[in-house]
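Subject: Structure for you to look at

Hello,

Here is the structure I promised to pass on. Please open it first, then read my notes below.

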Amino acid sequence: MILEQITVENFRQFRGRQSLQFATGEPGKGKNVTVILGENGRGKTGLFRALMFCLYGDCSLAQDEDVKRGELRLVNTSALVDASQEGKPVHATVQVEFSHDGVHYDVERRVKALLHDGQPLEQVDKAELRYRDERGNTKLVDNPSEIARRLNGVLDRRVREYFLFDGEKIEHLTRSSAAQRIEVARGIRCLLDIDDMERALAALKKLRTFLGDELSRVSTGEYAQVVARLNELQKELDARTERLEEIDKELLLAEAEKKQLDDKLAENEGVAAQVAERKRLEAQRDELKGRAGELLDQMRDRVGPSAVLLATDLLERVYGTVEDKRQRGEIPTALRKDLIERILDDEVCICGRPVKPSVPDAFEAILEWKNKAVDEHIENSAMDLWRLLSGLLGRSDDIRVFLETTIQQYGNIRNSIETTRKSIEDINEQIGGSERADLSKLEAIRQGVEGRIVRVMAERLVVGGEIAERELEGGQRKARREQLERVEGQKTELAERVELALRTYEALDQVKQEFTGEVKTRLSHDASEVFGRLLDEEGRSMLRKIVVQDDYSLQVLDPWGKPFLANISAGQRQVASIAFILALASAAAGGEVLEMPLFMDTPFGKLSWQHRENLISQIPGAATQWVLLATDTELGRREASLLSRGGAWGKFHVLESQPDGSTRVREHSVSEALSLLRNSEEDS
Amino acid sequence: MKQSTDIRVRTGPRYDQLYKDLRPYCGEAHAVFFLCFCLGVRTGRRAEEGVRRADRFWSGTITADEWACFYAMAVDQKHMEFGALDDDKVVVRIAETYADGGMEVLIDELLERFLAKGDTYKLDTSVCADLSWQLLKFIPDQLV
Amino acid sequence: MSDIHSEIAAKLEASPPDVRKLALKALELAHANSEATVFEGLKNWVREIVKAGSPQ
């Protein structure tokens, strides 16, 4: 999408019909930066709203979440008042012209408003999209859902926040609610065209099940039973895997809900301290539970090996016996049994003395040796056993110590968890027993949510176990099926189709995992690189990497690889978001520059000079179009001068306040900018 | 002392589900078997030889330490005749009787309160959160 | 974004020819069709591929 022009009429602060052109040069070569300067309240956000309203029909922005719907007006107030004095309605219109993939688009949306009993009533009464088709004919679309479909094809609604964003609330990207993350993840997958793969996989999965059922119907005997059971197992696995995904989403949403309730409770001075303490205790409890879980895993692996302590008496007894025989020279024998038998057969000892019954001393001595001697291999086994037992008995002290230590460690953690749990319960009662009905009600809701989380997590464990069980059985059944097919000597054509569908699903699923893994790694890598270039020196020392997590949310790592997002400043958070957006745009465009405008509403507010400098020098080359809305405290002469030297600055508009409180857009040349702007104060 | 890998180790059929259920808390079947064997040895509780048992796992999964204990028992049973080390099948059969005996001890003295109601031995996973710990604690408790 | 499709096709190089054929067909159908349509299409394709692959 390359923005060409926006025209507003009686929309928000903009009275009358006004237009604004965007710079549309080629990145790196032409001028692709548009700056729109205006004081707070002059309409910068109004322009952003106009764009969102026109393209997507949005009547509110993310920052409006605290504002009630009815209070937000799109129509210019003074125009409305004037018109109603004449008994007429007013129309607020926004028209946006842009091009995308060589096609020119013209979108227009209109709101009709009138004052009724002193109350403004607004209603969207027109939405039109005009575009030129391949033959150069202009087509008109006025069906809102068809308009939405086409515009989503240009820039999917779910990822628009990435390219068209409001700097004050850019934090949403890195502090987004769970529900938003899920939505955004879907949008990104769409942007990267992973949707196709997912559709193909879903169809293959269906095919595999369908063919499996067919095969089961036509098979006989044990083969039929095995195939039927495999199909059943697959369906059960599919259902449980889906349930697991649902559970994860439920957990995310429940956690987010809990956080919101906590935030609301924390607003009340009476319980703020307790809410904070409870939060700390819950974090402590979760950490303890994590450690307990790890210990349990360790203990599971130690139960078998530790059981040997129960058999120590037996081992010592047997070891003792073998050791005695060893000491007495009976094992290994000084004389091997086969040698003794040869001596008796030959009737002569190795020293030459005759060995026969008629020479009793020698004969009896040899016979005694023979009775004590054992076969060589049994002798070897006895020695092996002696060695094994020796090692095992030698380790038994270590096993005992480890056992006692681990048991105690876990016991301590369990006690700590219990203590923490009681403290949390006490606080719950305190907050719940508050005299204020609204607080106790909020608390009751919160406890309900917490209860739901506990139940869902327990269900997650159970479902996880059921999946493991079925996978194990599935493996065994597959082996049996293959065995039967080998015995049969051939596979039916239908069985081959089932096999092919299954193998294809698995192969494509594997590719998808690899691909999405690679995309996330690439995004992380590219975002980290841009991040490094955009950060100031202080930032670079503290922050090393951006990581794209499984749910496509962002995390920032410190030089030791520890998550650091919660500790970074708002400015650094913005820079991280911008770095990610640039990386995403690059990934979506296959390494090229994505044809999408970066429309930033006051991005500099929280950024240091170094950050601003870095952004100004990096972004024009990295984005097809950069539209920068700024106040004059954000964009002073210093910034303007740097922008100008970059050579990419093409358009400059100033939003001027009018006596009647409305705003007029006035275009100036870039060269005038320096004289119009004041010296901005340097950030420390 | 070949430590054969191709012997099917068997246990009483009524412990079928328990061996599966204990996996998350005690590990693979051979580890459960070994725990029960050691319990059987410790308490002298031993099931009968020659009764029908169900295939449980391959002897290839038995560790060297576990084999050492099975061999020790076989030798002990045969009055310290080291010839007993020759036939792994016999060694395993002897171990099976102690394992089944030990499983009865485990059920009586520990697992009882973790079992689901019903005719067959089956764990009630909702109360088994720290069963690994309980199992581990059970060992030194038996040594007193 | 055919870039991504060719990347995926490259990853499927390592798969056996019949798997590769079916996977690419599935992707091709999925590009412009609903899941239900892809499924119907694949029912025939899997039969064709297996027939073509079996010894005469």
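Which residues in H9(A) are buried? Among them are A:Val271, A:Val275, A:Arg278, A:Leu288 and A:Met299. A:Arg300, A:Arg302, A:Val303, A:Gly304, A:Pro305 and A:Ser306 are buried too. Keep in mind that this is a predicted model.

Stay with this helix for a moment. H9(A) has 38 residues, so at 1.5 Å a residue it should span 56 Å. Its end C-alpha atoms lie 54 Å apart, which agrees. There is a bend of about 30 degrees in H9(A), at A:Arg300. A:Arg300 is also on the buried list.

Next, the contacts between chains A and B. Here 35 residues of chain A meet 37 residues of chain B. On the chain A side, the elements that give two or more residues are H9 (269–306), H10 (312–327), H13 (376–432) and H14 (437–488). H13(A) gives the largest share, 13 residues. By class, this side of chain A has 23 nonpolar, 6 polar and 6 charged residues.

Now chains A and C. In this pair, 24 residues of chain A are in contact with 26 residues of chain C. Two helices of chain A give two or more residues each to this side: H7 (194–218) and H15 (493–534). The largest share comes from H15(A), with 12 residues. By class, the count is 13 nonpolar, 2 polar and 9 charged.

Then the cores. The largest nonpolar core has 91 residues. Those that touch the most other members are A:Val35, A:Ala50, A:Leu51, A:Phe531, A:Ala579, A:Phe580 and A:Ala583. Helix H17 of chain A (residues 570–588) gives the most to this core, 12 residues. Take A:Val35 as an example. Leaving out residues up to four places away in sequence, A:Val35 touches A:Leu628, A:Ala630, A:Leu635, A:Trp649 and A:Phe652.

A second, separate core has 68 residues. Its members include A:Val303 and A:Val322 from chain A, and B:Val9 and B:Ala99 from chain B. You met A:Val303 above, among the buried residues of H9(A).

Last, chain B by itself. How many helices and strands does chain B have? There are 6 helices and 2 strands. From the N terminus on, they run β-α-α-α-β-α-α-α. Chain B has 144 residues, and 45% of them count as buried. Take the contacts in chain B between residues at least 6 apart in sequence: 72% join residues at least 24 apart.

Best wishes

Note on methods. Residues are numbered from 1 along each chain as its sequence is written. Chains are lettered from A and ligands numbered from 1 in the order in which they are written. This is a predicted model: local features need pLDDT of at least 70, side-chain atom pairs count only at pLDDT 80 or more; totals for chains, interfaces and linings use all residues. Two residues are in contact if their C-beta atoms, placed from the backbone, lie within 7 Å. Helices (H or I, at least four residues) and strands (E, at least two) are DSSP runs, numbered from the N terminus. Ala, Val, Leu, Ile, Met, Phe, Trp, Tyr, Cys and Pro count as nonpolar, Asp, Glu, Lys and Arg as charged, and the others, Gly among them, as polar. A residue is buried if 20 or more other C-beta atoms lie within 10 Å of its own, exposed if 12 or fewer, and partly exposed in between; C-beta atoms are placed from the backbone. The expected span of a helix is 1.5 Å times one less than its number of residues. The bend at a residue is the angle between axes fitted to the seven residues ending there and the seven starting there. A nonpolar core is a set of buried Ala, Val, Leu, Ile, Met, Phe, Trp, Tyr and Cys residues joined through C-beta atoms within 7 Å.
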